[in-house]
Amino acid sequence: MVDNMKVKLQIWDTAGQERFRSVTHAYYRDAQALLLLYDITSKSSFDNIRAWLTEIHEYAQRDVVIMLLGNKGDMACNRVIKRDEGEKLAREYSVPFMETSAKTGVNVDLAFIAVAKELKHRAVHGQQPNESKFQIHEYIESQKETSGCCS
Ligand SMILES: Nc1nc2c(ncn2[C@@H]2O[C@H](COP(=O)(O)OP(=O)(O)OP(=O)(O)O)[C@@H](O)[C@H]2O)c(=O)[nH]1
């Protein structure tokens, strides 16, 4: 339930980076939202994000909701990608960003709730230029948790 409205999300987990080239566009071509995850302890996973963003720009829907997530936030002591770098990349592409942990659950609900809220808002209000916009960036900034022993 999002603001008293039932929102149904169908979630697809695409193949990982090593199979990156073989992922069919069909996976994300019709998606309304895309969560791009990298692993804060893996430089290659972070470097792959740019390639994904280029792909998305080319093949995904123009108004797709994109969110950048730096996962394994619980392993901040082993991080090789600073939070700063994630934030900078997100700013460059104007997408919201936060660090998450699938292990501890930090910010995981928030990522899905923010997407659900954005999609619900669009469904209810449409996308007329004058309509008030749900501010997904602001919502995430106000709700996200930041933690980590060495961050
Ligand atoms: N500590 C920690 N480990 C995690 C986290 N998320 C995933 N892992 C571990 O990282 C490994 C890879 O996780 P997957 O979910 O298979 O990653 P993936 O990118 O979907 O993998 P492929 O799609 O197969 O490339 C597993 O051993 C997970 O248990 C996290 O937030 N924290």
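**Close-up 1. E99 and its polar partners.** The side chain of E99 makes a polar contact with the side chain of R79 at 2.9 Å. (A polar contact is a pair of N or O atoms within 3.5 Å; within protein, one has to be able to donate a hydrogen and the other to accept it, and residues adjacent in sequence count only if both atoms are side-chain atoms.) Before going on, note that this is a predicted model, where local features need pLDDT of at least 70, side-chain atom pairs count only at pLDDT 80 or more, and totals for chains, interfaces and linings use all residues. Residues are numbered from 1 along each chain as its sequence is written, and side-chain values use heavy atoms, with hydrogens and water left out. Back to E99: its side chain is also joined to that of R83, by a polar contact of 3.4 Å. E99 sits in strand β3; helices (H or I, at least four residues) and strands (E, at least two) are DSSP runs, numbered from the N terminus. Leaving out residues up to four places away in sequence, E99 touches I40, G70, R79, R83, V106 and N107, where contact means heavy atoms within 4.5 Å.

**Close-up 2. The R79–E99 salt bridge.** R79 and E99 also meet through their side chains in a salt bridge, 2.9 Å from N to O (a side-chain nitrogen of Lys or Arg within 4 Å of a carboxyl oxygen of Asp or Glu). (Buried means under 20% relative accessible area, exposed over 50%, and partly exposed in between, using a 1.4 Å probe and protein chains only.)

**Close-up 3. K120 reaches D3.** K120 and D3 form a salt bridge, with their closest N and O atoms 3.5 Å apart. Here, too, distant parts of the chain are linked: K120 is in helix α4 (residues 108-125), D3 is in the segment before α1 (26-29), and they are 117 residues apart. K120 is buried, at 17% relative accessible area, whereas D3 is partly exposed, at 47%.

Close-up 4. A salt bridge pairs E141 with K144, the closest N and O atoms being 3.0 Å apart. K144 is buried, with a relative accessible area of 18%. Elsewhere, salt bridges that share partners tie D3, K117 and K120 into one network. Searching the whole structure turns up 9 salt bridges.

**Close-up 5. Helix α2 alongside helix α3.** Helix α2 (residues 43-59) packs against helix α3 (residues 83-92) at an angle of about 0°, with the axes 12 Å apart. So α2 is roughly parallel to α3. (Axes are lines fitted to C-alpha atoms, for helices over the stretch in contact, and angles run from 0 to 180 degrees between N-to-C directions; under 35 degrees counts as roughly parallel, over 145 as roughly antiparallel, 65 to 115 as roughly perpendicular and the rest as oblique.) On the α2 side, F46, I49 and R50 meet E85, G86, L89 and E92 of α3. The residues of this contact split into 3 nonpolar, 1 polar and 3 charged (Ala, Val, Leu, Ile, Met, Phe, Trp, Tyr, Cys and Pro count as nonpolar, Asp, Glu, Lys and Arg as charged, and the others, Gly among them, as polar).
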